[in-house]
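Please open the model in your viewer and keep the selection panel at hand. The stops below go from the whole chain to single side chains.

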Amino acid sequence: MQPTEMFRVFPSFYITRLATATISGHRAWRLSVKQDRIKENMVRGKTQMKRIENAASRQVTFSKRRNGLLKKAFELSVLCDAEVALIIFSTRGKLYEFSSASMSKTIERYEKREKDNTGINNKLAAVDQNTQNEKEDAQSMAKKIELLENSKQKLLGNGLEPCSLNELNQLETNLERSLSRIRERKNLLFRQQIEKLKQEEKRLEEENANLRQTCGMKPSPWSTSTEEETMEVETELFIGPPERRRIQNP
């Protein structure tokens, strides 16, 4: 049987084989191209991010990448409806720019946003600084409170085990000074109260004498309204720390 006759008899068979062969050949071609690109990249290597020393190569690269960057900026503004502004200065000082709107308005908008961000950042920095200062003050206050609590407990006679002899002597000295000031204050209050009582007594005696004179009565024989009749009684009562007496050996 001739091939043409076989094709007429089994047309679908040949079409399937032909399609399979075409697909396989296309896959093989794509795989070959991919391998060639991988080999080319391995040979060439990645582009190093450093200044191109050759002036001509540097200018060509600048032109290509500048055009690509301008194209990407345009696509971004169109596809995403974004306000894009791009400014490029070459090494010779030539200006290349792109703006989807007015360049001046975009720059003004940027400066306003940057100013707002700067103000917000300054406020946040001030808040952070205040928070840090308050935190440090709280820590310092907590340490002071702890020291005061320890001193208070020692003055009450608690927690004396870790104290050295010098610390105990210092604590005793502080207690004696405190007691001395307390006694001085107490004596002052006593004297002030006695003075007030004397003044009240004198006022009452004068009032009593005036009433007796008004009623035509004789002055009271026990009246001590004058300073000459005022008598002070001295006693051996002493308010203060007891004196230390030395005991002499016989």
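Helices (H or I, at least four residues) and strands (E, at least two) are here DSSP runs, numbered from the N terminus. By that rule the chain has five helices and two strands, and, starting at the N terminus, these elements follow the order α-α-α-β-β-α-α. The model is a predicted one, in which local features need pLDDT of at least 70 and side-chain atom pairs count only at pLDDT 80 or more, whereas totals for chains, interfaces and linings use all residues. Residues are numbered from 1 along each chain as its sequence is written, and side-chain values use heavy atoms, with hydrogens and water left out.

Begin with the whole chain as a surface: its accessible area (Shrake-Rupley method, 1.4 Å probe; for residues, only the protein chains shown count as cover) is about 23700 Å², and carbon and sulfur atoms contribute 56% of that. Of the 250 residues, 6% are buried, where buried means under 20% relative accessible area, exposed over 50%, and partly exposed in between (1.4 Å probe, protein chains only).

Next, select residues 85–89, which are strand β1, together with β2; the two pair in the antiparallel sense over five bridges, pairing being assigned if DSSP finds at least two bridges between two strands. Within this pair, Ile 88 stands opposite Tyr 96 of β2. Five residues lie between the strands of the hairpin, where Gly 93 adopts a positive phi near 90°.

Now show the side chains of β2, residues 95–99.

Move on to Thr 106 in helix α4, residues 103–155. Is Thr 106 buried or exposed? Thr 106 counts as buried, at 12% relative accessibility. Leaving aside residues up to four places away in sequence, Thr 106 touches Glu 83, Ala 85, Ser 99 and Ala 101, a contact being heavy atoms within 4.5 Å.
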